[in-house]
Amino acid sequence: MPSALEDIRRAARIEDIIGEYVELKGRGRKLTGLCHFHQEKTASLSVDTEQGLWYCFGCGAGGDVFSWLMRAENLSFQEAARYLAERYRIVMPEWTEEEQRNHERQMKATELLGAVAFALSERFAGSPAEKYLAGRGIPAEVAAKYRVGYCPDPSVVSAVVNTADVTKAVVEESGLFKGRSIVWEERVVVPITERGRVVNFYTRAIADVADEDKHRYLAERPRPGWNLDGRAHGNPTVVAEGAIDGLALATAGFEAPVAVLGSSAKGAAERFAERLAGLERVVVAMDADDESNNRAGQVAALDLAIELGKLGVRADMCDLTDGEDHRAPTDPAAVLQAYGPDRLREQVGAASSPWQFRKRWGLKVERSLIEIDGSAHKLRYDEREYVVLSIDELTDPKGNKVRLECRSVEGEMLEKDSLLLISAARRRQFANAMARAVGVPREEADEFKFTVARELLDLDTELRMFLAETLHLEEDQVSPAYEMTDREKEEALEFLRSPRLFQTIVEDAQFLGVVGERLLITILYLVMTSRLTDEPLFCCIKGESSAGKSYTAGIVASLCPKEDLREFSRVTAQALYHVESDYLKHKLLLMREHVGGEAADYSIRTMLSESGLELLSSVKGKDEKWTSENVTVEGPLAYVETTTEIELNPENETRLVEVWPDESEGQTLAIHDYQRMLSTEEGLREEPQRFATIRKHQNAQRLLDGDLRVVIPYAKLLVFPYTLTRHRRDNDKFLRLIRIVAFLHQYRKVARTVTATGGQTMQVIDADVEDYEVAYRLARPLFGRTLDELDKRGRELLLKIYDIAKGVIARENPTLTDEPDPEAVMRVSLTRREITNKIGKGKGIVKHLEMLAEGEFLVRTAERGKPIRYSLASGDPERPGDIMLLTPEELARKLENSHNEEGTG
């Protein structure tokens, strides 16, 4: 649940949401406007676009995007979260009542902390806190940027709490007055934020106090780190230890200072490093302790650099000491105070690698292994970096054979070769060659070679794990073709020759667990079969979560021979460029969720359009000269993906056949009946027959001759809509559909030999009217949607709203017998709640309402303090019909007439 809420906070631009209610003025981070929640003539509403927060100086209201919607629409926190999740297409799990209460309490607690931070920041100017920081070289403008405040005594905090109108449970949740969690007398107060929300405070005593009271945080509140919200705004990101050191770095001009809060805690380095994952470069500038403290500061800093390295982040180390003089300043704030910002910039600019830092201080730490990078296949240790240039054998039982280069951390080429990583002899050869290239002294050679050989073995293990996770390869996906018995072959041939072939496909899929879905089953089966042809089909199944998209696709995919199925949950950006050249050729690629392939969207689209991938990459050889290397991945392949998204990339959408599962209540009841049947003795008895059914279809697919070509003798007689440019691709899909139906019927046809212009011969079968009839039944609902501006769910929702509006008129005019006047229908205004109460609160309804309003199918009205309402823009919404094609009977008559004309002639 927390991850879903954070996804919403990242996706929902607060200025867009608030801008729907009030006019915002200004540019950049700070926007202003008239408050929506009280009458005013002078703008007192302030919106911070970076922090995702709003505050009204007039009435004291404030919070985040959830708080705004709760107040503006009179929603609960759950309702606000649901609305935003649907609007921004984010999946939200269901909440229990207890979870709902907890989230509302936590949200109000963070709002309270934000109000405290604001009140204390208002007291900073001219305060002892401002003078204290100025004495340490930190100017007021830097403090203001990071919302630093001043607290003279606890009464200031108490006053904010008393005027906030919150419960005791919320105050306890905030941690403001829980035990000795914080000392509020004469303090510099630095807010600690997480994604724009204040979650804690660091307070620093101005007067001399006992060491244990000098630095304080709210106990039992999260301490993610200081200024993590700004970590992506500069390069490099500089890491300090403590908020005051972070302010010192900001004073020196670094755009993205962050600070670890509690670096000595167990696992602190690992947790903090995860918050910086994805950054290009980080410089660690944490406190350096002297020898009397066992160099704990250097060790903590190096631990963080190592953890960052494991996440693929370049992490350099800043030495804050002054040579061997350990009495010199050892933290950023002390350096700034003693020497000024130029010295601090100079020290950060001279940051060195963790390896050099480690050698200088003689630190003993574990060697660091960096995980494989998803796009480049890199592993780094604290002395060397290994780059996998190509993988010759995937998941080979003997190991991974790779082309590999090794570089120093400074980028110097050390060694380059091809080797089988599992081979101890080849690892030793590689290590020996590297030792010679580096010039390792004889007394150190054995340890060096052992270390390199061990790293290569680690590389093989990590590479196996990466490939398994990225491509989800299983042994049965690369297994040899199944050898069927004579009886199995006879059974498969009987199925392929049957006049009820398509009825059997649907019945068998339903027997295996798909309820209804005749259209979806048939399309998926044809897409699967099309993998064997040179012009396959590509399919996208759209529908709500839990509509059975992946389940149905999985059932039909199980009928595909295992050696021809490639089924993934996720594919990384460069993964398809690293498979064997024929790994996808004439295979069925099933992407369980569209989002899992988004990183590889370009390579997948290229595979579908060009029937293959071509990549020209640059490679540097041992002689330091660059050469070009060509990578080829062959096609064609058939492709199926599922998605809950309403709209896909148009470049993808026009290439795919779009199918929707049955989302009706009747379908849900039928699924319930089937699920209950599986729990009975009858369901148990049928289990062996399910395996036999799957085996029959897999064997039938193996018997299909992929070299057969299909021609459509009557192709020139066919018609297809031509009003939209996408109909060019849709017409091609329709023709492919006819050819694939005929291809599946090949055992009911007689092949003939055709000689091409160049003299080559090929085996050909003809598509007949029966093949056309099957394709026709599928094409009408499939391609009919291309004539509609709206998708299936949008059109259905619009028509339901029309029916609701007519019902309202019928209740108000019980004597009315005729169809209502269109103008009267357009005057009916409905709230979201009135609409959802009638048609259910299905996922995506609010999102579709907004899309219908944007497309001017609905008129959306919003008044201050009142629910949003919708009315129809047309009193008689269009009900698009099926696509206009020749009926099978019309085609048969045309064929008969053309034959008669030929005979007469």
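Q: Which residue in β2 stands opposite Gly-33?

A: Strands of a sheet pair through backbone hydrogen bonds, either parallel or antiparallel. In this predicted model, Gly-33 faces Leu-45 of β2. Strand β1 (residues 30-33) and β2 are antiparallel partners joined over four bridges; two strands pair if DSSP finds at least two bridges between them. Strands (E, at least two residues) and helices (H or I, at least four) are DSSP runs, numbered from the N terminus. Residues are numbered from 1 along each chain as its sequence is written. As the model is predicted, local features need pLDDT of at least 70, side-chain atom pairs count only at pLDDT 80 or more, and totals for chains, interfaces and linings use all residues, while side-chain values use heavy atoms, with hydrogens and water left out.

Q: How many bridges pair β2 with β3, and which residue of β3 stands opposite Asp-48?

A: β2 and β3 pair in the antiparallel sense, again over four bridges. Asp-48 stands opposite Leu-53 in β3. The hairpin of these two strands has four residues between them, and there Gly-52 takes a positive phi near 70°.

Q: Which way do the residues of β2 point, and are they buried or exposed?

A: In a regular strand the side chains alternate between the two faces of the sheet. In β2, Leu-45 and Val-47 point one way, whereas Ser-46 and Asp-48 point the other way. All of these residues are buried, that is, under 20% relative accessible area, with exposed meaning over 50% and partly exposed in between (1.4 Å probe, protein chains only).

Q: What is the order of strands in the open sheet of four strands?

A: The order is β5-β6-β7-β8, with antiparallel pairing. Because β5 (149-151) and β8 (215-217) stand at the edges, each has a single partner strand, and one side of each is left without a neighbour in the sheet. From one strand to the next, the twist averages 30°. For such angles, axes are lines fitted to C-alpha atoms, for helices over the stretch in contact, and values run from 0 to 180 degrees between N-to-C directions.

Q: How many bridges join β7 to β8, and where does Arg-204 stand?

A: β7 (residues 197-205) and β8 run antiparallel and are joined by three bridges. Arg-204 stands opposite His-215 in β8. Helix α6 (residues 128-135) packs on the sheet and touches β5, β6 and β7; contact means heavy atoms within 4.5 Å. The direction of α6 makes about 85° with that of β6. Helix α5 (residues 97-121) lies across β5, β6 (187-194) and β7, and runs at about 45° to β7.

Q: How many residues of helix α23 are buried, and which are they?

A: An α-helix has 3.6 residues a turn, so residues three or four places apart point the same way. Helix α23 (residues 601-610) is mostly covered, with seven of its 10 residues buried. The buried residues are Asp-601, Ser-603, Ile-604, Arg-605, Thr-606, Met-607 and Leu-608. Just after α23, Ser-611 has a positive phi of about 55°.

Q: How many helices and strands does the protein chain have, and what percentage of the residues count as buried?

A: The secondary structure comes to 34 helices and 29 strands. The protein chain has 905 residues, and 51% of them count as buried. Of the contacts in the protein chain with a separation of 6 or more, 66% are between residues 24 or more positions apart.
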